[in-house]
Amino acid sequence: MNKRQFFLGVLLAALIGGVVALAGVSFLIKPQNAGTFDEKQQASFVNMLSGENFTIPDGINFVASAQIVTPAVVHVKSQVAFTPRSQRDPIQEFFGIPDPRGQQGPRGGDMPISSGSGVIISPDGYIVTNNHVIDGATKVDISLENNKRYEATVIGTDPTTDLALLKIEANNLPFVKFGDSDQTKIGEWVLAVGNPFDLNSTVTAGIISAKARNIGILRDVENNLQIESFLQTDAVVNPGNSGGALVNLAGELIGINTAIATRTGTFSGYSFAVPSTLVKKVMDDLMKYGAVQRGLLGVNIQTVSPELADILDKKFPVEQGVYIGGVNENSAGKEAGLKEGDIIIGVDGKVVNSVAMLQELVARKRPGDKVEVEYIREGKTSKVTATLKNFSGDTNIVKREVPKSYTFEGVQFEDLKEDQKEQLEISGGAVIKMNGNDTWRRAGARNGFIITSVIGDRGRAKINNSQELIDYLSDNSGQEIVVLGMFPDGTEYYFEIQLD
């Protein structure tokens, strides 16, 4: 028996068994409609398998892809700032990132560690990971598969896609090439590579089970501009895989593993990855500008569905698309002529049937880029070209805010960023960026703590920025002072310190 005959025999046996099983199930549910293959259908199926153009696979080879990718997937360990459990990020809960308070509170022990994965995307040390892996980190350590270790610099972050770009000082590193996630097919084999439960360089296999999936996990991000258009896969992903690689069998990066659907905190069948087309755009922005350049259409949108039709008490002319519930003034959509009630069905020639798909396609663009929008209005299909704008309503490049920093006796302080001031509703402060002073550490000072005022012999002094704090500390050397402030989540705290 040759290889082709053996393969046909196995496939036909599976087919017959499947038909018998289906017939049995159908019988239990509805006996009169139990279906079977007739002779003509069966002959057609056999002819397809035995046709000259049908090739028998040599077996799905995961080995080559794993060998390419595994050396370029790193272990990311971050020292994180204090955060109360009651206000923890849901993504931290999903991936088992420990409570940064540890067991002893802010006065005891070393800073806790969060653990995840990252993917080297260039030979000179650029690494992509999830934002939630390094969010609030004061130090980020990278371990390669060969056990070499580096301290990474955070180049930039994007909470709206839960991505971050890191850099280590090294050359000639193994790296993973970007693939095209648009070309992935449902049912396609993929590998997930990462460090689940601190088990370094773990490879699991699965298939793409859905695309453009929105699971509502990126909540409370800045300006409510979260982008969720995940690749869904059944490759096993667990705590520690976050930020790792999802690759095809060619060893190309098609996604960054980000979340799991679970009620237990561990893998329950499905995991979700940011698609590589979006990852590449975000990484390019962070490398070039230090901040993500988001092009916005400026419309309020909902996915077309029977439920939405019932709410609006209207009948849609299509079963799939994105309904425009409102158009912002001075927006790209407004200037292009889009109106409330229009249904978007395509962008740049690509079919759009959900909010997730529309957001992903637009998020790949920058302010000033033009997109062709296909829509339906009053039953008529039309196209317009819209010039995307940024959140401020123009097409200017958004620059990364770099806070001023100062050092006093081994402790580095930074000015509080404007968005942090707004979030915490305070006028200013000085952030402990890096604490290299044992005296300050023993007193209770922690990286990420925001100093808002100090109390000394001359009374209480308000601190608006790091320069004011440095001046106060310099003028009060040798004294014992009380330092007051809060952690990034708003938890108030104070400690006493004897200045040298």
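Begin by selecting Tyr493, which is buried, with a relative accessible area of 15%; here buried means under 20% relative accessible area, exposed over 50% and partly exposed in between, with a 1.4 Å probe and protein chains only. What you have open is a predicted model, in which local features need pLDDT of at least 70 and side-chain atom pairs count only at pLDDT 80 or more, while totals for chains, interfaces and linings use all residues. Residues are numbered from 1 along each chain as its sequence is written, and side-chain values use heavy atoms, with hydrogens and water left out.

Rings of Phe, Tyr and Trp (its six-membered ring) pair if their centres lie within 6.5 Å, with planes under 30 degrees apart counted as stacked, over 60 as edge-to-face and the rest as tilted. The count by this rule is nine aromatic pairs. Show Trp440 and Phe495, an edge-to-face pair at 6.0 Å centre to centre with 70 degrees between the planes; Trp440 belongs to helix 11 (residues 438–443) and Phe495 to strand 25 (residues 492–498), 55 residues apart. Helices (H or I, at least four residues) and strands (E, at least two) are DSSP runs, numbered from the N terminus. Phe495 is buried, with a relative accessible area of 0%. Ring pairs link Phe413, Trp440, Phe449, Phe487, Tyr493 and Phe495 into a cluster.

**The strands.** Now select strand 20 (residues 411–415), where four of the five residues are buried. Two strands pair if DSSP finds at least two bridges between them. Strand 20 pairs in the antiparallel sense with strand 19 (residues 405–408) over four bridges, Ser405 having Glu414 as its bridge partner, and likewise antiparallel with strand 21 (residues 430–435) over five bridges, where the partner of Gln412 is Met434.

**The nonpolar cores.** A nonpolar core is a set of buried Ala, Val, Leu, Ile, Met, Phe, Trp, Tyr and Cys residues joined through side-chain atoms within 4.5 Å. Select Ile142 and Met283, which touch the most other members of the largest core, of 48 residues; helix 6 (residues 276–289) gives the most to this core, with five residues. Apart from this core lies another, of 23 residues, among them Phe413 and Trp440.
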